[in-house]
Amino acid sequence: MGRQIRHLDISTMERVRRYKEFYGGCVSDALAGLGVTNSVLSSEFYALRQDMILAGEAITIKLHSLAGEIMTPEEQKARDEEWKRIGSPQKRMMTSVYPGSVLVFDTGGDKQPAHFGEMSCTLAKAHGCVGMLIEGNIRDTRYVLKMEDFPVYTTGTRPNAFGGWRITHVQQPIFLPGHLTHYVRINPGDFIFGDTDGVQIIPKEYIDEVMLVCEDIVTKENEERRLIGEGMPIDEVYRIYGDL
């Protein structure tokens, strides 16, 4: 009989708060204990500031470069009419934001333009977004860093928006470069966790189970840390805890 996976009736923001007490190693260990080992993203992703902790539910965004893209006048007119009718893809992305969400961007490897800037970050944050993860570039970095509690993980920074890009899909599965696998699949509602050790994806069916396991790990390690700091003999450390 398989392990029972626990689910809690709590808000997304409560999960965000509790996950921010964790660190990369305990999240990885909790996932591995559940048999999930393809969840670590590439080391290309980095936080704009080392102390940033990213935690929240993924709103998945697929972008496509406009470099070299040619639209006929008829196609341009049809697109403009569609945007008038249902709103631009970027507007639809922003209306998908909710408290505890993280905007996650798959650019298909396009690194030419800056894909996001401080004004867009400010708008997303004002409607509950708690951070951003992008396989691409951001700009206005100096101002993004001044934003309170809005962690951003990116693969680069560039000043230019020209060259262009467009959003093709919102809340569809996307794929970001992995560390242990070529790509990591991110589904809408999966949980993102990033700290100094890197970024990990927690599949949505395991979010609460991983959180509860991590809380147990942190409690036990805090006690272990205290005893070791107080001078527990080395033989006793290894007898009780095994290899550290």
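Surface patches comprise residues with over 30% relative accessible area and no salt bridge, nonpolar side chains (Val, Leu, Ile, Met, Phe, Trp, Tyr) being joined within 5 Å and like charges within 9 Å. The model is predicted: local features need pLDDT of at least 70, side-chain atom pairs count only at pLDDT 80 or more, and totals for chains, interfaces and linings use all residues. Residues are numbered from 1 along each chain as its sequence is written, and side-chain values use heavy atoms, with hydrogens and water left out.

One nonpolar surface patch consists of Ile228, Ile234, Tyr238 and Leu244. Together they have about 440 Å² of accessible area (Shrake-Rupley method, 1.4 Å probe, only the protein chains shown counting as cover for residues).

A search of the whole structure finds 12 salt bridges (a side-chain nitrogen of Lys or Arg within 4 Å of a carboxyl oxygen of Asp or Glu). Asp208 and Arg15 form one, at 2.6 Å, N to O. This pair links distant parts of the chain, with Asp208 in helix H7 and Arg15 in helix H1, 193 residues apart. Both Asp208 and Arg15 are buried (under 20% relative accessible area; exposed is over 50%, partly exposed in between; 1.4 Å probe, protein chains only).

In helix H8, Arg239 and Glu236 meet at 2.8 Å, N to O. Arg239 is exposed at 60%. Glu236 is partly exposed at 29%. A salt-bridge network links Glu14, Arg17, Arg18 and Glu215.

Technical notes. Helix = DSSP H or I, 4+ residues; strand = E, 2+ residues; numbered from the N terminus.
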